[in-house]
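Trainee: I have a new structure to read. Please walk me through it, one feature at a time.

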Amino acid sequence: MKTTWRSASLAAGAVAVLALTTACGSESGTSASSQNVGATAPAGGIAGVGSGYGSVGGGASASAPGGVGTGAGAQGASAGELAISANSQLGKILTDSAGKTLYRFDADTAEPPKSNCDGDCATAWPPVSADDISAGDGIDKSLLGEVTRTDGSKQLTVGGWPAYYYAKDAKAGDTTGQGVGNKWFALAPDGKKAKSSGSGSGSSSEASTAGLSVRKDPNLGEIVVDKDGMTVYRFLKDKAWPEPVSNCNGACLEKWPAVAPVDFAETKGIQKKGYMNFTRSDGTKQQTINCSPIYTFSGDKAPGDINGQGVGGTWYAVAPNGKLVGAPAQ
């Protein structure tokens, strides 16, 4: 029997307003973002997938285990009534009716929903069937949807993200898939990634709860991260004085997304002096720390990544006072 619901869309707007006067200017502005969840869309063609789940999963362990049907559940198995389970390391996570953990994959997309886990990857990470699913207590059923896979089967989506089991989870409550390859994460009830709260197995760092905050990196020391725990960077070719100017545009901006304005009240550990936003050449607003424009890096896939550090000799992580971390003396 199929589910009686189909995908639903949920749009949310978030506005961050910032007004702070400093020596390098006093302009402030707002930004808005939206997220549509639960939309149903065909998976479409998947290129370059199925050559081994180690490559698909972004560095997961060597080979897919056999006997998936005796572990997390055979591919296409129904999850039944979804439930919210409390995990000591991850907080609230989504599980099936048997208590098995559900996961999401960073290489997938939620808008529109699309699975990029096929072949050997799907053997190691069996897709959760969308058939006969129901929402248990505390679960927003409007976040539940489905996506059509390349084999024509329907896969459950949560907040637009395709849901999976992990074949190495042997029993209810196991979360051995958390953080695998820095691309696989347990699903929170709202479709977001479950975040590790300790230093045990799981993701490499806990995401920030503030809009901008400080993380102690073992290699770089104290660096600024955004609300998702992603490293924040500066570009040496930008200008801070007498007013901020970004020299990252076009293809550069696609690779290094500008950080939108964040109210200073939503920061933790960040220097207040020079904390302002400015209008870019394209008319959008961008946040600065100590008047220097800040960015994230598209090559960072998980909280704790610092893949942008030193790229091209021009991109460096940002200290809480806005200074460059690890850059050569200027």
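Predicted model: local features only at pLDDT ≥ 70, side-chain atom pairs only at ≥ 80, totals over all residues.

Mentor: Start with helices and strands. Helices (H or I, at least four residues) and strands (E, at least two) are DSSP runs, numbered from the N terminus. Gly 179 lies in the loop between strand E12 (161-162) and strand E13 (184-186).

Trainee: Is Gly 179 buried or exposed?

Mentor: Buried means under 20% relative accessible area, exposed over 50%, and partly exposed in between (1.4 Å probe, protein chains only). Gly 179 has 13% relative accessibility, so it counts as buried.

Trainee: How do I read pLDDT, and what is its mean for the chain?

Mentor: pLDDT is the predictor's confidence in each residue, from 0 to 100. The chain has a mean of 78, and 72% of its residues reach 70 or more. Two stretches need care. Over residues 1-22, pLDDT stays under 50.

Trainee: How many contacts does the model have for residues 1-22?

Mentor: Contact means heavy atoms within 4.5 Å. For residues 1-22 the model has 76 contacts beyond four places in sequence. Now take the chain as a whole. Among contacts with a separation of 6 or more, 69% join residues 24 or more positions apart.

Trainee: What does the overall make-up look like?

Mentor: The chain has 3 helices and 20 strands. Of its 330 residues, 49% are buried. Accessible areas come from the Shrake-Rupley method with a 1.4 Å probe; for residues, only the protein chains shown count as cover. The chain exposes about 14,300 Å², and carbon and sulfur atoms supply 51% of that.

Trainee: Which strands form the open sheet with mixed pairing?

Mentor: Two strands pair if DSSP finds at least two bridges between them. Here 3 strands form an open sheet, in the order E5-E4-E9, with mixed pairing. Strands E5 (91-95) and E9 (134-135) stand at the edges with a single partner strand each, so one side of each has no neighbour in the sheet. Strand E4 (residues 81-87) pairs with E9 in the parallel sense, over 2 bridges. Glu 81 stands opposite Ser 134 in E9.

Trainee: How many salt bridges does a search of the whole structure find?

Mentor: A salt bridge is a side-chain nitrogen of Lys or Arg within 4 Å of a carboxyl oxygen of Asp or Glu. The search finds 6. One of them joins Lys 171 and Asp 174, with the closest N and O atoms 3.0 Å apart. Lys 171 is exposed at 51% relative accessibility, while Asp 174 is buried at 13%.

Trainee: Which residue does Asp 217 form a salt bridge with?

Mentor: Its partner is Arg 215, and the closest N and O atoms are 2.9 Å apart. Asp 217 is buried, at 4% relative accessible area. Arg 215 counts as buried too, at 13%.

Trainee: And Arg 280, how far is its closest N atom from the O atom of Asp 282?

Mentor: In that salt bridge the closest N and O atoms are 3.8 Å apart. Arg 280 is buried at 5% relative accessibility. Asp 282 is partly exposed, at 45%.

Note on methods. Residues numbered from 1 in each chain as written. Heavy atoms only, no water.
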